Amino acid sequence: MSHSRTKIGVAAVSAASVAAVALAGVAAQADPKEPTLGGEAPIDLKIGSAVWGQNELLDYDPDDPNEFQSILGSEFNSLTPENDMKWSELHPEPDVYDFSGADAIMEFAEANGQEVRGHTLLWHSQNPDWVNEAGGAWTCQEARDVLEDHVATVVGRYAGEIYEWDVANELIQDDWDEGGVKLRTEANPFLKACSEDPVALIGDVFRWAHEADPEAVLFLNDYNAEGINAKTDAYYDLAQELLADGAPLHGFGAQGHLSLMYGFDDSMQANFERFADLGLKVAVTEADVRMPLDENGDPTEEQIALQAERYDGMLQACLNVPACTSFTVWGFDDARSWVPGVFDEGYATIMTEEFEKKPAYFTLLESLTDATPGRSPRTPPGLNK
Ligand code: G3I
């Protein structure tokens with residue numbers, strides 16, 4: 001499998017036409033004449049969506065896509081497996097791997113000229129029972145052997161086909177009830193087994209991933225990691241420690257799960273810049289903007305406008321830092337969003353349950369169109385970090 005970039009037709013979109021279409025509330029169509037997010041983006045910035053392959057892509061027929069598949073295939077040039085490459089889905093028993101959902105995403109991406117971000121290899125959550133149960137009893141060497149085998153198998157299977165990997169996800173907790181900002185050595189079964197030197201294990205996970213796929217750009221990834229704060233200070237220290245130890249760490253991802261219940265951290269661009277100054281790529285990996293809704297389940301006009309502003313705030317931080325390689329939304333339609341299942345909030349994505357494009361969609365589209373003429377790179381060759 002190889003993933004070649006397809007260039008989608010570029011059409012200039014004026015603010016007036018964007019607003020007119022937004023007001024008309026036209027449902028998203030896979031019309032090749034219409035501009036798309038991926039098609040408008042600078043050539044050096046991928047625009048992605050998460051997708052759950054097991055749920056949405058097993059029945060994919062390139063000649064007869066459903067509406068969701070059609071939009072996913074045309075609007076984005078990068079896909080992230082929402083769940084299919086997590087341990088619980090991929091590796092449910094010690095000797096059993098199930099690649100069905102992950103393979104469905106790879107095949108869909110290839111059919112649509114899209115790239116894939118891998119997610120994720122080391123996380124405290126969504127591990128299978130056998131890992132959670134064994135975790136407390138493993139010696140560090142046993143944990144290392146299990147993890148190395150998993151990383152070599154999974155990264156090796158897709159070597160050369162995944163451009164970025166969220167190697168380590170949510171390594172640092174920032175819950176003050178749980179003792180503040182620190183590595184999740186209790187909750188993560190692998191870090192727990194190697195709690196005497198968890199950073200050495202983290203460095204090795206990056207090494208194993210790099211050995212299995214020397215081309216992939218390897219990321220740390222977390223939430224509450226947009227602006228400069230105690231958590232990202234800890235990541236900044238961890239990144240420096242890993243780099244000083246020669247670990248092949250290449251990127252820092254801010255998930256971008258925002259809520260209108262909180263403000264927007266204007267230091268996001270500065271945060272990206274400091275990681276870029278370490279020589280790392282940066283990315284917005286899981287963007288969505290949720291909000292509390294009224295008794296009918298509807299947002300207000302003000303919330304809808306503010307949502308567009310927040311999405312755009314994250315995109316601008318990325319556009320303004322040439323080291324920012326990808327901007328991914330965590331699902332593009334409210335029907336498939338993880339948010340209502342977890343929070344008493346909703347309306348988090350850029351399209352409604354009926355695939356109607358929200359003002360947030362049009363704001364992103366306009367910003368991408370305006371960012372660089374003719375999709376040229378944001379920084380001339382040679383000046384890129
Ligand atoms: O485990 C069962 C599976 O066996 C079964 O096939 C499936 C049937 O629906 O249910 C499975 O569990 C679901 C699991 O995803 C799949 O592994 C859970 O019900 C579901 O709640 C779970 O939610 C996911 C969540 O991560 C779990 O932590 C969300 O869909 C996914 O959007 C969310 O994604 C995370 C990122 O990976 C990391 N950053 C935060 C983000 C949002 O929580």
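I'm working on a predicted model, where local features need pLDDT of at least 70 and side-chain atom pairs 80 or more, while totals for chains, interfaces and linings use all residues. Residues are numbered from 1 along each chain, and side-chain values use heavy atoms, without hydrogens and water.

**Ligand contacts.** I looked up which residues come closest to the ligand, and E82, K86, H119, Q126 and E286 are the ones. A polar side-chain atom of E286 sits 2.7 Å from a ligand nitrogen. For E89, I noted 2.8 Å between a polar side-chain atom and a ligand oxygen.

**Aromatic pairs.** I got 14 aromatic pairs (ring centres of Phe, Tyr or Trp, using its six-membered ring, within 6.5 Å; planes under 30 degrees apart are stacked, over 60 edge-to-face, the rest tilted). W87 and W130 make a tilted one, with 6.1 Å between centres and 55 degrees between planes. W87 is in helix α5 and W130 in helix α7, so this pair ties together parts 43 residues apart in sequence (helices are DSSP runs of H or I, at least four residues, numbered from the N terminus).

Is W87 buried or exposed? W87 is buried, at 2% relative accessibility (buried is under 20%, exposed over 50%, partly exposed in between, with a 1.4 Å probe and protein chains only). W130 counts as buried too, at 15%.

Terms used: Near = heavy atom within 4 Å. Polar contact = N/O pair within 3.5 Å; in protein donor to acceptor, adjacent residues only side chain to side chain. Helix = DSSP H or I, 4+ residues; strand = E, 2+ residues; numbered from the N terminus.
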